[in-house]
Amino acid sequence: MSVTLVRSYFRTHMNALGWKEHRDGFNYENIPANIFDGVYHIESGDVRSDGVSQGDIELATSISVRLFLKGHRDPAGGIDRGISDGEKIIARMMSAANRLGAGIKNVLFQSMNVRAWHSSNDNALVVTLDFEVKTNLAI
């Protein structure tokens, strides 16, 4: 079990929900307009120690999953869709059947943020879901 499982955990479940990954490692803002709707990006955050024993270190990894959606001519409807999609993803990631026993010790939901893609374009939006993932690293 290790941090290497974290991104693949999210990727597997996002793909199963029908989302397509924007695979740029760092720059999520360079997403092409023609694939903007229904795309996600995984950002790996800090990894910190949450404890140590004789045989392993418990690690906590911060992960952000960004959902890119078009509101088209109904930005309020886009926000509603973003919240609904966010809830489905949270439920999937937090399901005990998914998060326990997959080499991951636990997944904790932290926050959800819905915002316009850019101040000049409120017809497109980004939903950011923040999680903390617990894993063990053998030492």
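A contact here means heavy atoms within 4.5 Å. This is a predicted model, in which local features need pLDDT of at least 70 and side-chain atom pairs count only at pLDDT 80 or more, while totals for chains, interfaces and linings use all residues. Residues are numbered from 1 along each chain as its sequence is written, and side-chain values use heavy atoms, with hydrogens and water left out.

**Figure 1. The whole chain, to get your bearings.** The protein chain holds three helices and five strands, taken as DSSP runs numbered from the N terminus (helices H or I, at least four residues; strands E, at least two). Their order along the sequence is α-β-β-β-α-α-β-β. Among contacts in the protein chain with a separation of 6 or more, 64% come from residues 24 or more positions apart. Of its 139 residues, 39% count as buried (under 20% relative accessible area; exposed is over 50%, partly exposed in between; 1.4 Å probe, protein chains only). The accessible surface of the protein chain is about 7,400 Å², with 51% belonging to carbon and sulfur atoms (Shrake-Rupley method, 1.4 Å probe; for residues, only the protein chains shown count as cover).

**Figure 2. Phe10 meets Phe131.** Four aromatic pairs turn up in a search of the whole structure (rings of Phe, Tyr and Trp, the last by its six-membered ring, with centres within 6.5 Å; planes under 30 degrees apart are stacked, over 60 edge-to-face, the rest tilted). Phe10 and Phe131 make a tilted pair, because their planes stand at 55°, with ring centres 5.1 Å apart. This pair links distant parts of the chain, 121 residues apart: Phe10 sits in helix α1 (residues 4–16) and Phe131 in strand β5 (residues 121–138). Phe10 is buried at 0% relative accessibility, and Phe131 is buried too, at 2%.

**Figure 3. Phe109 joins in.** Phe109 and Phe131 pair edge-to-face, 5.7 Å centre to centre with 70° between the planes. Phe109 belongs to strand β4 (residues 106–118) and Phe131 to β5, so this pair ties together parts 22 residues apart in sequence. With a relative accessible area of 31%, Phe109 is partly exposed.

**Figure 4. Strand β2 and its partners.** Strands β1 (residues 20–21) and β2 (residues 39–52) pair in the parallel sense over two bridges; pairing requires at least two DSSP bridges between two strands. Here Glu21 has Tyr40 in β2 as its bridge partner. Strand β3 (residues 56–70) runs antiparallel to β2, joined by eleven bridges, and Val47 stands opposite Thr61 in β3. A hairpin of three residues joins β2 to β3.
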